[in-house]
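Colleague: I want to go through this model term by term. Tell me what each label rests on.

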Amino acid sequence: MSTNNWFYACKVSDVPANGGVCVKYGDEQIALFRFARRDAWYATQNLCPHKQQMALSRGMTGTQEGEPKIACPFHKKTFSLADGRCLSDDTECGITTYPVKVEEDLVYIGI
Amino acid sequence: MKIVIIGNGMVSYKFCEKIIAKAPAGTLEIVIFGEEPRPAYDRVHLSEFFSGKTADDLLLAPADWYTQNNIRLHLGDPVQQIDRVHKTVHSYKDITETYDYLIIATGSSAFVPPIPGVDKKGVFIYRTIEDLELMRDYAPKATRGVVIGGGLLGLEAAKALLDLGVSDTHVIEFAPRLMPRQIDDNGSRMLQHKLESLGLHIHTNKNTAAILGEDDTISALQFADDSILEANMLVISAGIKPRDELAKLCGLETGHRGGIVVNDQLQTTDPSIYAIGECALYNGMIYGLVAPGYEMAEVAATHITGEHKAFTGFDMSTKLKLIGVDVASFGDPFAPADTSRTIVFEDSMKGTYQRINISGDGKLLLGGILIGDAEAYNMLLQTTKNKIILPPNPEDLLLGARGGNTESGAGVMSLPDDALICSCESVSKGAICEAVEAGNETLNAVKKCTKAGTCCGGCVPMVKDLISGTMKAQGKYIRNVVCEHFAYSRQELFDLIRIKDIRSFDEALDHYGHGDGCEICKPVVASIMASLWNDMILEKGNDTVQDSNDRYLANIQKGGTYSVVPRIPGGEITPEKLLVIAQVGLKYNLYTKITGGQRIDLFGAHLSDLPFIWEELIAAGFESGHAYGKALRTVKSCVGSTWCRFGLHDSVSFAIRIEERYRGLRAPHKIKSAVSGCIRECAEAQSKDFGIIATDKGWNLYVGGNGGSKPQHAILLAADLDSDTCIRYIDRFLMFYIKTADPLTRTATWLNKLDGGINYLRNVVVNDSLGIAEQLDNEMQDLVDKYKCEWKEVVENPELRKRFNHFVNAPGDKDPTIKFDPLREQKRAAEWK
């Protein structure tokens, strides 16, 4: 994932361990997830494509056979945080993912 | 190979799916002409269009599915002519296409009897989404709606009218009974009784003679017996008529009552033209259901790709829910008395009717009818189709299935390999077992691999039984494990977490699990810890493992706002407190509604407003109502002996005492309760997880009741109890349920599955047969003593409050995408897109 455009999202401690937050970027909303058990970070669009709800950041993180995923709080559709595809329904659209980097306790998302 | 398909309904779509899967990639060119303006949609679930589904929800595949699969789709463009000599079709919009193979899948249209006045305004047919849109636009003007036709489709249309708000709806049937082709007199009478009790008016033996009305608008129906029924909306659903006009035009053979004649490869009299679905006439019969249509699609696609498969007719067994009433008919529902024997169970209290027809020698099941409760349908159908030898007491087929015994798994495994389990997708038992043996050991994996259970979903319980049956047969120990991260059942995890004194999800994962957890195990572990320790659920890193509603201590609603429900114990509230709720509602612009549990729900709260709303409510003496939790919800009450002239005891005071005792108690699922002051049962206590009814000697305690989609009456656990004993028994009942139930299992389902049922439970709770009563009592008392209002804790804790913001980098800013629409004097969430 090569990107030149990193923007500052928040501090590490702003994001609950093994949970997500929603980051405002202009008019866009990006969901940021922190897997504290293995210090991994992921970012995706905040919009769940199923019913067009701004909700993924409030969803539940987890893994399916090792692949990180997020479950939407509305109807529990799950999406891969690795490549954004819908894991629970082949016909559902996928979601956009973004790279994340952490430098000295500050979290950046690449656009 | 170029294939042209005329028609784009469910069967046409299925044909595409099948032929794409069968033909080598890159060898196919498909062109579809559809008369309707949208791609194929789910006509079986058409009535859901009125209960909230949009036209898009009903689509079988989005428009880009066709592009991705290289299919040219011409919508709103019916074919006008087939030229068999040059092998071309010509469409309304002047497009000409050549074909190697032509598939006619034009389906059927509504049969409209030639009654004078059918062309009047206010008369509709019920067939397509466009028909439904016309009905929807007209319905607000209608006060009384009538449906002609008491068959399957007619009753669906009646449901549509009810969904549209036409509460005075009548059904007219020419025959002496409803659904004459599927069910017998007695079944029909039961169905009619049940539908009438739901508010539908039914007239049988009625022959409509004319539709009356001035200015070309319907105002009444006149019948052959000269009686008149006033009505301002009419839906005709008196049968179907195959769309065979194109076939007739080009000289293909058709039946004299309609339908394109096909052979057992679905070829018409022109071998390069096939007809499938409701327009095809096979062996003198039109198949007006979706499953045989899918089978035809499969056979035609197989034949075109050079393989051999024959259509040999199709079982017309069917199971459906009509206005909430189960109706099923299978095999030969009317087997005559001289060659067969019949067993009938009729329960006019519950409104169920079950009939099975058994061969004269008592060995085989020939068919039957189920009204009101069709749970046994799948098993009975398979027993009929596969000619399975019946047990010595064939009534066990009905009674056993009703009792929910554990036999059902073994029953499915005894079917032969070619038994059709999923009739929509025609998946056999053998195919499912093979998929399981190949390593697809979960329902989702089997669905993905075989497509079984993906259409109507009716076979899902059998598929589940086959998965566990196959795994057992392979010698695999089937454990009811939570998920891939924890190889334990809930009950095992409960004990482990208690013994090891585990207080956070991370600790549980370290000791007993692996990986990161998921949306299944996280809430299970969170619920177990809450039931055991009653710690604040948002602390110790446990906030992110709570189910979404628990995580924000509020119920997420359409659009992403939340609803707020303060506790109103027993439904008793002072005028002062009502004022506070009103002020909060006004200040935060909330939609307010009285709930079914005698409290007030405030909808449309922004995430960042929640702590402020609760701060005000708590200051006025309110506390959390736990409407968001798998926890005790409400204890409903009638007004009782303090005011009511019939009341035996003070039901409100007892309800408040109970609600305050168990408030905040977390369990495998939500728990509801009620107290009635006399046997008139105004609080509906028998529909609750535990319900209490006053008697002249004390209280009767009922347990295991349930409303919701599968209503069940609670069963009497103990009678004539004093208040303290009643509470002690509730303590034990609830603790025993919390410790032993599977995740997300209500008390009703738990009790149904409990070996020994209510007698066993009574022994544990009342007679202390396991010697654990004292332990249960102490554990419950411990939970009761530790109760704290979790909203109060959040309001007073700045770290916890911080989480109640939509944007991490713009705290306090609200989600700008949230939209409301005005509704009466209040507002509603904007509809899903």
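Modeller: Start with the helix pair. Ala431(B), Ile432(B), Ala435(B) and Val436(B) in α12(B) meet Val446(B), Cys449(B) and Thr450(B) in α13(B). Contact here is two C-beta atoms, placed from the backbone, within 7 Å. This is a predicted model, with local features needing pLDDT of at least 70, side-chain atom pairs counting only at pLDDT 80 or more, and totals for chains, interfaces and linings using all residues. Residues are numbered from 1 along each chain as its sequence is written, and chains are lettered from A and ligands numbered from 1 in the order in which they are written.

Colleague: At what angle do the axes of α12 and α13 of chain B cross?

Modeller: Roughly 120°, and the axes come within 10 Å. Axes are lines fitted to C-alpha atoms, for helices over the stretch in contact, and angles run from 0 to 180 degrees between N-to-C directions.

Colleague: Why is α12(B) called oblique to α13(B)?

Modeller: Under 35 degrees is roughly parallel, over 145 roughly antiparallel, 65 to 115 roughly perpendicular, and the rest oblique. The crossing is at roughly 120°, so α12(B) is oblique to α13(B).

Colleague: Now strands. Why is β1(B) called largely enclosed by the rest of the structure?

Modeller: Buried means 20 or more other C-beta atoms within 10 Å of the residue's own; exposed means 12 or fewer, and partly exposed is in between. Four of the five residues of β1 (2-6) of chain B are buried, so the strand is largely enclosed.

Colleague: How many bridges join β1(B) to β2(B)?

Modeller: Five, and the strands run parallel. Pairing takes at least two bridges found by DSSP. Val4(B) has Val31(B) as its bridge partner in β2(B).

Colleague: What makes β33 and β37 of chain B edge strands?

Modeller: The open sheet has the order β33-β34-β35-β36-β37 (chain B), with mixed pairing. β33 (632-637) and β37 (715-721) each have a single partner strand, so one side of each lacks a neighbour in the sheet. Within that sheet, β34(B) and β35(B) run parallel, joined by four bridges. Val675(B) stands opposite Ile692(B) in β35(B).

Methods. Helices (H or I, at least four residues) and strands (E, at least two) are DSSP runs, numbered from the N terminus.
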